[in-house]
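Visitor: Could you walk me through some helix packing here, with the cut-offs spelled out as we go?

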Amino acid sequence: MARLAVVCLLVAGAVGPAVGAAANAGDQSSATGAVQPSQPLIAAVYPNPVADGDRGEFVVLDVPNGMDLGRYRLTDGDGALVLPNRTVGGRVAVTTAPATVRNLTRYTVVAANGSVALANGGERLRLYRGNATVARARYREAPEGAIGRFDDRGAVAWQPLGRTNRSVVSASGGTVRAFTLPDAPGVPLDVLRGADRRILLAGYTFTSERVAQALERAARRGVDVRVLLDGQPVDGISRRQARLLDSLVDAGVTVDLLGGPYGRYAFHHPKYAVADDRAVVLTENWKPAGTGGHASRGWGAVVSQSRIVGGLVETFRADAGWRGARPWSQVRRGRSFERGGASNGSYPNHRTPETVAVNRTRLLVAPDNAGRAVTAALDGADDSIDVIQMSIDGPDQRFLRATVQAARRGVDVRVLLSSAWYVEDENRRLVEHLREVAEREDLPLAARLADPGGDFEKIHAKGVVIDGDQVLVGSLNWNGESVRQNREVVLSLSGEAVGSYYRDAFEADWGGGGDGPSLPVGVLAGVAGCVVLAVLVARRIDFGENVGVRG
């Protein structure tokens, strides 16, 4: 039995409307913009903390501004909590363990008297004013460490406590520095080397000597340097990474790793860095194969729009400020690390960086908003969609489904996948399947495996060009794990000039496709839209990178 559980609440029969999913702010966000009810509503529950005795449970109430809580009590039918005489407004966390809960949430914490014993396996809650029920809620199985939030139909959505619920950040005008890898490995380094005040570097893995040296030199000249990485990558932390992180800490760099019992994402997988008032967003990891330019085809962009840079800073602070972020000294204590390899290939520089104009830049983050935003961008395509991905796999095929549906309405679609040995078989099967669908339905849909031709070793980019003037570039792999479970960062760049740069880059790689010609462009056919999804799910790819952590 849990004491004062936070429950995924169904606000059925409440006086006034329930708080819908769109209004449920993340645990670190305010409820600004939510419809104000006439009575408090039960908005969320946290019944199964990662702590002995489930200490730290709380119930989230959505309270009209200026309301005195002292008129209300919360009950599970066996016990009751008496709320204090306190005037509040917005979202508040009601608990009998306020000191513990203040470390778990940024909602206003309200200490209650009494006892409500809630089973982790399910319970019902009622909020009373006098003898009248003003809100009720019900939850069933409560996952450990998860908070349950309720939509306006009373449906419960569980997610790890502390996940943000960030909105898309948008900025108009300006320029970006567009580049590709392995052609221009100096661009991300130049961003770091130019910092005078701060560097916030976020990544999945970190094994680049050159990047480490740039961070150490910055720290020694007084720059506030902070690094945030994943603490439990699929292949583990290598000896090389451990050595570099030790060196960073010795130089005065703050190094934190996300994960452990309080981790709120499956993987911390973004690749970006903020340096003063600029930021670089990449598809590549901070290692020789990626930012070092020694293996992977990748895309990147340097932005300076204040709203976008500010959005990245806020994302970094939200993640680094969560209790799941642990100092490197704590993570490495008592551990040994395996030897890891490092790429050392050399490739020509065919594409130079360019500073190009943009009409609009948007910052997307997963799991908060990127899934919806990318799907909407694909759904809005009128003329063309060019996709470059390491692989497309897993049961969640929302992006591929949207892309095939675009072909069904006459949009020219090309899908370019990696031919690296560890994904070649699976990617080839997908290419063959897409070709079969295109031929059967007479669709303008082409797919192929990349032929690096000496220009790079493997595709690691996660990029899309839509209608020639909208570009998506970032860490988001086309699989459900990246969309729903990982922290990911993507830039959406709109404008003819920026679209032309990345479209030309795609064309160059597409032209090298060595596994045979793509299918000719056809015409729209009237075949049922569920065929592709059903077959792809039946043929789902399952390999070591399907969570998007190497990709």
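Guide: Contact here means heavy atoms within 4.5 Å, and helices (H or I, at least four residues) are DSSP runs, numbered from the N terminus. This is a predicted model, in which local features need pLDDT of at least 70 and side-chain atom pairs count only at pLDDT 80 or more, while totals for chains, interfaces and linings use all residues. Residues are numbered from 1 along each chain as its sequence is written, and side-chain values use heavy atoms, with hydrogens and water left out.

Visitor: OK, which residues of α3 do L189, L192 and R193 in α2 meet?

Guide: They meet R210, V211, A214 and L215 in α3. The residues of this contact divide into five nonpolar, no polar and two charged, where Ala, Val, Leu, Ile, Met, Phe, Trp, Tyr, Cys and Pro count as nonpolar, Asp, Glu, Lys and Arg as charged, and the others, Gly among them, as polar.

Visitor: And at what angle do α2 and α3 cross?

Guide: At roughly 15 degrees, with the axes of α2 (residues 186–193) and α3 (residues 209–220) coming within 9 Å; axes are lines fitted to C-alpha atoms, for helices over the stretch in contact, and angles run from 0 to 180 degrees between N-to-C directions. The two helices are therefore roughly parallel to each other, a label for angles under 35 degrees.

Visitor: Switching topic, how far apart are the axes of α8 and α9?

Guide: The axes of α8 (residues 398–408) and α9 (residues 424–441) are 11 Å apart, and the helices pack at an angle of about 30 degrees, which means that α8 is roughly parallel to α9.

Visitor: What meets what there?

Guide: L400, V404 and R408 in α8 meet L430, L434, V437 and E441 in α9, and the residues of that contact divide into five nonpolar, no polar and two charged.

How values were computed:
Parallel < 35°, antiparallel > 145°, perpendicular 65-115°, else oblique.
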